Amino acid sequence: MKNLRLAGLLIMVAVILAGLGCTKDSSGSSEQGTMDVRMTDDVGFYDKVYIDVQGIKVNIEGRGWVDVTPTRTGIYNILELNNGIDTLIASSSVPVGNVTEVRLILGPNNTVVVNGTTWPMDAPSAEESGLKIKINQAVTAGAKCTIWLDFNVHKSIVVKGNGGFSLKPVIRCFIHSFTGAIIGDVNPDNVAYFAYAVPVNNVNDTFMTFLRSDGTFKLWGLLPRTYNVGLMTKEKADVKTINNVSVSAGQETNLGQISIP
């Protein structure tokens with residue numbers, strides 16, 4: 001009889017341990033979704049800007065910080081990720097829930113090339129604890145959630161008093177379904193060098209991109225609102241302005257061919 005009782009007790013313990021060892025977290029859910037993190041860049045007035053990507057984490061409500069597996073750790077020239085070009089930097093399964101923050105962790109090998117000379121850039125905050133970017137996006141079971149990290153290189157690089165450089169990343173997150181884009185085709189294609197969009201009621205919030213060699217451009221990750229769009233020469237002189245361009249979520253606003261006399 002004692003042996004039977006002992007056997008029954010052992011079975012109960014085994015069942016409890018099996019339950020504790022399953023994939024459910026403290027909220028009782030074991031459902032997973034896929035998180036993709038992609039990186040793109042705004043305009044930067046440098047030859048090259050190299051950042052050392054070492055890790056990505058997302059903060060999910062009720063679950064804390066979760067790793068998103070990097071597709072490749074190491075050096076990226078973010079000036080190549082402009083005008084609608086991006087690259088996948090992390091992707092993996094994560095628990096379902098609402099993502100409130102993204103943490104980008106950088107390594108020590110960050111450099112900027114200015115007039116052919118390479119300068120190191122220290123980025124202590126991004127190297128130690130990682131740079132946190134706010135976001136509000138749900139991960140749902142069996143679905144893929146993609147977010148974009150958009151560097152503002154112009155604001156991210158700080159010139160030191162001794163002539164060196166520091167990297168203090170200024171990054172925003174955006175999601176295609178919540179944002180829109182403005183595209184256009186400048187004619188002739190060698191008149192303008194930059195395209196930019198400024199919200200009508202917020203002149204301090206400017207989005208910029210280089211024009212492609214064929215004169216086309218794409219400004220993306222724009223919140224739904226009305227923008228004034230401008231075209232500038234390499235010397236930053238305005239050559240064309242198009243006012244009151246409306247942007248809707250999940251859509252591209254096509255300005256068509258833009259002729260410059």
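**Exercise 1: a tryptophan and its surroundings**

Trp119 counts as partly exposed because its relative accessibility is 32%, where buried means under 20% relative accessible area, exposed over 50%, and partly exposed in between (1.4 Å probe, protein chains only). The model is predicted, so that local features need pLDDT of at least 70 and side-chain atom pairs count only at pLDDT 80 or more, while totals for chains, interfaces and linings use all residues. Residues are numbered from 1 along each chain as its sequence is written, and side-chain values use heavy atoms, with hydrogens and water left out.

Task: locate Trp119 and list its contacts.

Solution. Begin with the strand: Trp119 lies in E8, residues 117–122 (strands, E, are DSSP runs of at least two residues, numbered from the N terminus). Next, setting aside neighbours within four places in sequence, Trp119 is in contact (heavy atoms within 4.5 Å) with Asn110, Thr111, Val112, Val114, Gly163, Gly164 and Phe165.

**Exercise 2: the partners of a strand**

Task: determine which strands pair with E10, and in which sense.

Solution. First, E10 spans residues 144–151, and seven of its eight residues are buried. Strand E1 (residues 32–41) pairs with E10 in the parallel sense over eight bridges, pairing requiring at least two DSSP bridges, and Asp41 stands opposite Phe151. Strand E13 (residues 171–174) pairs with E10 in the antiparallel sense over four bridges, with Cys173 as the bridge partner of Leu149.
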